[in-house]
Amino acid sequence: MADITNNPAPATSMTKAGFPPFSQRHLLAIGDLEQHEIIDLLDRSEAMVAVSRQQRKSLSTLSGKTQINLFFENSTRTQSSFEIAGKRLGALVVNMSVKTSSVAKGETLIDTAATLNAMRPDVIVVRHGAAGAVELLSQKVGCSVINAGDGGHEHPTQALLDALTIRRHKGRISGLTVAICGDIANSRVARSNLLLLGAMNVRTRVIAPRTLLPVGIENLATEVYTDMNEGLRDVDVVMMLRLQHERASGRLIPSTREYYRFYGLDEEKLANAKPDAIVMHPGPMNRGVEIDPAIADGPRSVINDQVEMGVAVRMAVLDALLPDSEGGQA
């Protein structure tokens, strides 16, 4: 794996006094953030990396605050990351099991919002299979809401952790060329990344078969390719996406074997990228479908680093949205 310790974060604990008040009440979409707000969150995340690498990883920043993780879709990685983030900041973290809750018995999202709101949480982290569901819930509660993925819409903290990983490895974000490859049509990760990278003056490329390219993608990406070798030529970052069987119809590709032949990342295709290009994947990976295991585990892969940055970014977002009683938001 690539070594991110060459560009270490400042070895200081996070303090709210070190950053100006964050202007957003919720984090629902990357599209809601200005460039300076994205940079602010990335800078806060750098400080959280340092905290996470200390022997004693806990802070009391969110002591007395309650965080509810409400996941309508299964996601071990994202939910665990938010749970660790909240606990490292001292919050009381509650994971709601939707399958055994009243939601599974027919309760509506609005009813669930009213019930949770009555418990007076400080922040609710929501993943839902329907685009727009998280924003609807945010309108019905009195606390901050974080979008942990809503349908094919957005996954803002994934885009932030990807940006942080890129910045730490490349020393910058602006001016780079980033290729996002695979199931673009069904990926909220792709959408959030394209919005963030576009806001940061990155040259973005999407590479996919035509059946996995959504209508209007040229309005988000700088360049669109259907040939993997051409699309990867001279890029700085290769971001692979999971082939989403649960959202994509099986008729969109002939077979996973054929998909891997043309769009799976192997040594031959990766040779088109710059020699120092890094390889990313949001996980979980379908090895041998989107990516050769030798690439996933190789020296240019930063996939495990993305996981580490995910905790730091979610700590930073929680910290930014939940200021202490001495200032900031009410």
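User: What should I know before I start reading?

Analyst: This is a predicted model, where local features need pLDDT of at least 70, side-chain atom pairs count only at pLDDT 80 or more, and totals for chains, interfaces and linings use all residues. Residues are numbered from 1 along each chain as its sequence is written, and side-chain values use heavy atoms, with hydrogens and water left out.

User: How do I read a sheet, and in which order do the strands β1 to β4 stand?

Analyst: Strands of a sheet pair through backbone hydrogen bonds, either parallel or antiparallel. Here, strands (E, at least two residues) and helices (H or I, at least four) are DSSP runs numbered from the N terminus, and two strands pair if DSSP finds at least two bridges between them. In this model four strands form an open sheet, ordered β2-β1-β3-β4, with parallel pairing. The edges are β2 (92-97) and β4 (144-150); each has a single partner strand, so one side of each is left without a neighbour in the sheet. From one strand to the next, the twist averages 15°. Angles run from 0 to 180 degrees between N-to-C directions, using axes that are lines fitted to C-alpha atoms, for helices over the stretch in contact.

User: How many bridges join β1 and β3?

Analyst: Five: β1 (residues 66-71) pairs with β3 (residues 123-128) in the parallel sense.

User: Which strands does helix α2 lie across?

Analyst: Contact means heavy atoms within 4.5 Å. Helix α2 (residues 76-88) lies across β1, β2, β3 and β4, and runs at about 180° to β1. Helix α3 (residues 109-118) packs on the sheet too, touching β1, β2 and β3, with its direction at about 165° to that of β1.

User: Is Q67 buried or exposed?

Analyst: Buried means under 20% relative accessible area, exposed over 50%, and partly exposed in between (1.4 Å probe, protein chains only). Q67, which lies in strand β1, has 0% relative accessibility, so Q67 counts as buried.

User: What does the side chain of Q67 make a polar contact with?

Analyst: A polar contact is a pair of N or O atoms within 3.5 Å; within protein, one must be able to donate a hydrogen and the other to accept it, and residues adjacent in sequence count only if both atoms are side-chain atoms. The Q67 side chain makes one with the side chain of N69, at 3.0 Å. A polar atom of the Q67 side chain also lies 3.1 Å from the backbone oxygen of F82.

User: Which way do the β8 residues point?

Analyst: V237 and M239 point one way, V238 and M240 the other way, and all are buried.

User: Which residues have the most contacts inside the largest nonpolar core?

Analyst: In soluble globular proteins, nonpolar side chains tend to be buried together. A nonpolar core is a set of buried Ala, Val, Leu, Ile, Met, Phe, Trp, Tyr and Cys residues joined through side-chain atoms within 4.5 Å. The largest has 86 residues, and those with the most contacts inside it are L160, I180, I184, L196, L232, V238 and L265. Helix α11 (residues 303-321) gives the most to this core, with 11 residues. Another core, of 15 residues, lies apart from it and includes L28, I68, L116 and C143.

User: How do I check the length of helix α6?

Analyst: The expected span is 1.5 Å times one less than the number of residues. Helix α6 (residues 188-199) has 12 residues and should span 16 Å; its end C-alpha atoms are 17 Å apart, which agrees. S187 caps its N-terminal end, with a side-chain oxygen 3.3 Å from the backbone nitrogen of V189. After α6 comes N201, whose phi is positive, near 60°.

User: Which peptide bond is cis?

Analyst: The one from G283 to P284, with omega near -10°. P284 lies in the loop between β9 and α10 (293-296).
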